[in-house]
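Here are my notes on this entry, written for someone who has not looked at it before. Please read them with the structure open.

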2 protein chains.
Amino acid sequence: MNQNRHALIVAGGSGTRMGSEIPKQFIELLGKPIIMHTISAFYNSSPSPNIVLVLPQNEHLRWSELCKVHSFHVPHSLISGGETRFHSVKNGLASIEGDGLVAIHDGVRPLASKNLIEKCFVEALKNGNAIPAIKPHETIRLGTHTQSRVENRELCWLVQTPQVFKLAEIKSCYNTNYNSSFTDDASVAEWQGKEIFIVDGEKENIKITTPLDMIIATAIMGSGGITTR
Amino acid sequence: MNQNRHALIVAGGSGTRMGSEIPKQFIELLGKPIIMHTISAFYNSSPSPNIVLVLPQNEHLRWSELCKVHSFHVPHSLISGGETRFHSVKNGLASIEGDGLVAIHDGVRPLASKNLIEKCFVEALKNGNAIPAIKPHETIRLGTHTQSRVENRELCWLVQTPQVFKLAEIKSCYNTNYNSSFTDDASVAEWQGKEIFIVDGEKENIKITTPLDMIIATAIMGSGGITTR
């Protein structure tokens, strides 16, 4: 266990968009709950970080049962989530002591590669933070159905996780009130005046939110995960 | 054949990003060149449009051979492409006579559904034009690796095709010089002062540009194409 690298994996989702009774982080992907793939991805990165998992309080029992059923023994601590992703991250951060870097990651992004995780840690050490993002292949418009304008897609980024920060710095950034514009951790840090550093993400590193995403994730895992950007 | 509906399918790509010798529109998806799936999607929409295919001049012979090999008999006319997508569309539009509506579509988007194609035609008849687009699930940033700011993702659209316009109007819009900001047809129309109308697209309607996209497209087709937004 590396005391200078922490991974905070946030899985508060209720699974509504999946049309499923099971919260999406527990849906099985190639025979194993999505969240186990995600935790293993961090455990297998080098050096292996200290892993903190944030789950809603009422899912803790289900999680410990799933760990037994799947003989899942990757060491991690378990923290209760809050009302929104923001509150869950805040709870998770409060539980981590010491210093070093923390990677904050969506529980339903099981396809983050070892290479991407390590790159984000390395770049955050250099620049203070690092978040992965990819350029869209599509034309981008900003606006509404009836009024919009084309945006320069060369300047547009689709943001992913893990988002890596200095632990003390991101803790201090989260010491604020919730704001609905906080859709990720970089937006909280930006709100607090930090400059954000982007590293090139991976197209495979999808967030699983719909049944279509399950089909895509299964296909990518089955293919051995070709990396294309 | 419906004289009031035209489909202009543009396939000028060289396939560089696919790491393949074969232009990407000819790569086989479930046993058939991608472009044949695309043409069939329009042919199967109702009422079936007049189909115009734009291919680089030096691929016309290969195309007629592929049509023989695959017993592909969907009626369409074949036009030579130009230097860029803009020039290819311009050539294609010049070949279409009469009036009505034209759907301009990327040859490498074989998964546009019958429903989406029909909706774009219907909405364009009402509003003058219609382009499909989807909201990203990701946080969006605008800027560079080292300097960027978060954008309101509620206002952000990832634009797809088919983009449907009144034939006379889009012909007139294309009567301009090429500009590198023209990444789709709506950006050309916007440049000429037109307001653009967005309809909700489909996440499945991907543009195949990388080997990963082939894996995803194969998985979606194999699954029967669940529609999720």
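1. Basis. This is a predicted model, in which local features need pLDDT of at least 70 and side-chain atom pairs count only at pLDDT 80 or more, while totals for chains, interfaces and linings use all residues. Residues are numbered from 1 along each chain as its sequence is written, chains are lettered from A in the order in which they are written, and side-chain values use heavy atoms, with hydrogens and water left out.

2. Extent of the interface. Contact (heavy atoms within 4.5 Å) links 51 residues of chain A with 51 residues of chain B. The two chains bury about 4500 Å² between them, 60% of it on carbon and sulfur atoms; buried area is the accessible area (1.4 Å probe) lost when the two parts are put together, summed over both. Of the area that chain A buries against chain B, 16% comes from Arg141(A), His145(A) and Leu212(A), more than from any other three residues.

3. The rule for a salt bridge (a side-chain nitrogen of Lys or Arg within 4 Å of a carboxyl oxygen of Asp or Glu) finds four between chain A and chain B. One salt bridge joins Lys203(B) to Asp213(A), with the closest N and O atoms 2.4 Å apart.

4. Contributing elements. Helices (H or I, at least four residues) and strands (E, at least two) are DSSP runs, numbered from the N terminus. Among the elements of chain A that each supply at least two residues of the side touching chain B are β8 (139-143), α6 (185-191) and α7 (211-223). The most comes from α7(A), with eight residues.

5. Strand pairing between chains. β10(A) pairs with strand β8 (residues 139-143) of chain B in the antiparallel sense, over four bridges; pairing requires at least two DSSP bridges. Within β8(B), Leu142(B) is the bridge partner of Cys156(A).

6. A covered helix. In helix α1 (residues 34-43) of chain B, nine of the 10 residues are buried, that is, under 20% relative accessible area (1.4 Å probe, protein chains only). They include Ile34(B), His37(B) and Phe42(B).

7. Thr84(B). This residue is in the loop between β5 (77-80) and α3 (85-94) of chain B. The side chain of Thr84(B) reaches the backbone nitrogen of Phe86(B) at 3.2 Å. Thr84(B) lies 7.6 Å from Gly12(B), C-alpha to C-alpha, although the two are 72 residues apart in sequence.

Technical notes. Buried < 20%, exposed > 50% of the residue type's maximum accessible area, 1.4 Å probe, protein only. Polar contact = N/O pair within 3.5 Å; in protein donor to acceptor, adjacent residues only side chain to side chain.
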